[in-house]
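I open the notebook on one helix and on the ring contacts of this chain. The entries follow the order in which I looked things up.

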Amino acid sequence: MGQLSRRVAVTGGASGIGLAAVTLFAEAGARVAVIDRQGGEAAAELRRANLLPLVADVADEAQMEAAFGAVRAEFGGLDAVVVAAGVNGVWAPVTSLSVSEWDTVMNINLRGTFLTAKHAVPLLARGGAMVLVSSINGTRSFTNTGATPYAASKAAQLAMGKMLALELAGAGVRVNVVCPGATESAIERSTVRRGLDSVRFPVAFPAGDIPLTKGGKAKAREVAEAIVFLCSEGASHITGTELYIDGGQSLIL
């Protein structure tokens, strides 16, 4: 795999794919800044390892500036940044979505990605890496009718990753995007589904909609393994690339 990053920042690092990435980096001996709006028990638990828990809302510019200021003070710089903070938000027909419901998803998923890049890029050393966690939704799969804000934000993340890959290539910084499919994560529990029967096309998959596992979801650690690889020297010539981690799900949806 090659040498792993030594100083890493992960947004959304207190749960799901973000936490799985934090765990893998820490297991490999990296110092990891965990940026998440969750505090309390989550932050206390993370303090047991060689980690720097930082409570911040990724959509709040002042909080993100302060978080990366703390990273600079503690680490001096960064070798990798993982943008894993995100929400599904409300899935509903577009005519019933409120502006605030749209804005909530865009602020966390897209504005949060922008603010992370804005404040993390100046800390990235030459040879560093950034990985954005997008999704198959909005990039290769469009069957989750009603998930319009989420899919739009994830498509925008993919475009942002490609733009940043070119922008930062001269500085020797690589930018890639992972696009997971269905993954075991707490994000599903916070998803609000409303009035979808009127807009959804019924499709049945007797053997499950994930061909590789006959419907079994990916484990967060499986996605994190790919993230860690993309941040390693083993991926030193990979930039501007999206990696689908979905067991073939997006090939049939």
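Is Y150 buried or exposed? I find Y150 buried, with a relative accessible area of 8%, where buried means under 20% relative accessible area, exposed over 50% and partly exposed in between, with a 1.4 Å probe and protein chains only. The model is predicted, so I take local features at pLDDT of at least 70 and side-chain atom pairs only at pLDDT 80 or more, while totals for chains, interfaces and linings use all residues. Residues are numbered from 1 along each chain as its sequence is written, and side-chain values use heavy atoms, with hydrogens and water left out.

I next looked for aromatic pairs (ring centres of Phe, Tyr and the six-membered ring of Trp within 6.5 Å; planes under 30 degrees apart stacked, over 60 edge-to-face, the rest tilted), and the count came to one. This pair is W91 with Y150, tilted, at 6.1 Å centre to centre and 40° between the planes. It links distant parts of the chain, since W91 belongs to strand β5 and Y150 to helix α5, 59 residues apart. W91 is also buried, at a relative accessible area of 4%.

I then turned to R140, which lies over the face of Y244 at 3.8 Å from the ring centre; the rule asks for NZ of Lys or CZ of Arg within 6 Å of the ring centre and within 35 degrees of the ring normal.

Last, I checked the buried residues of α4, among them E101, N109 and H119, and noted that the buried residues of this helix pack against β1, α3, β4, β5, β6 and α5, contact meaning heavy atoms within 4.5 Å.

Methods. Helices (H or I, at least four residues) and strands (E, at least two) are DSSP runs, numbered from the N terminus.
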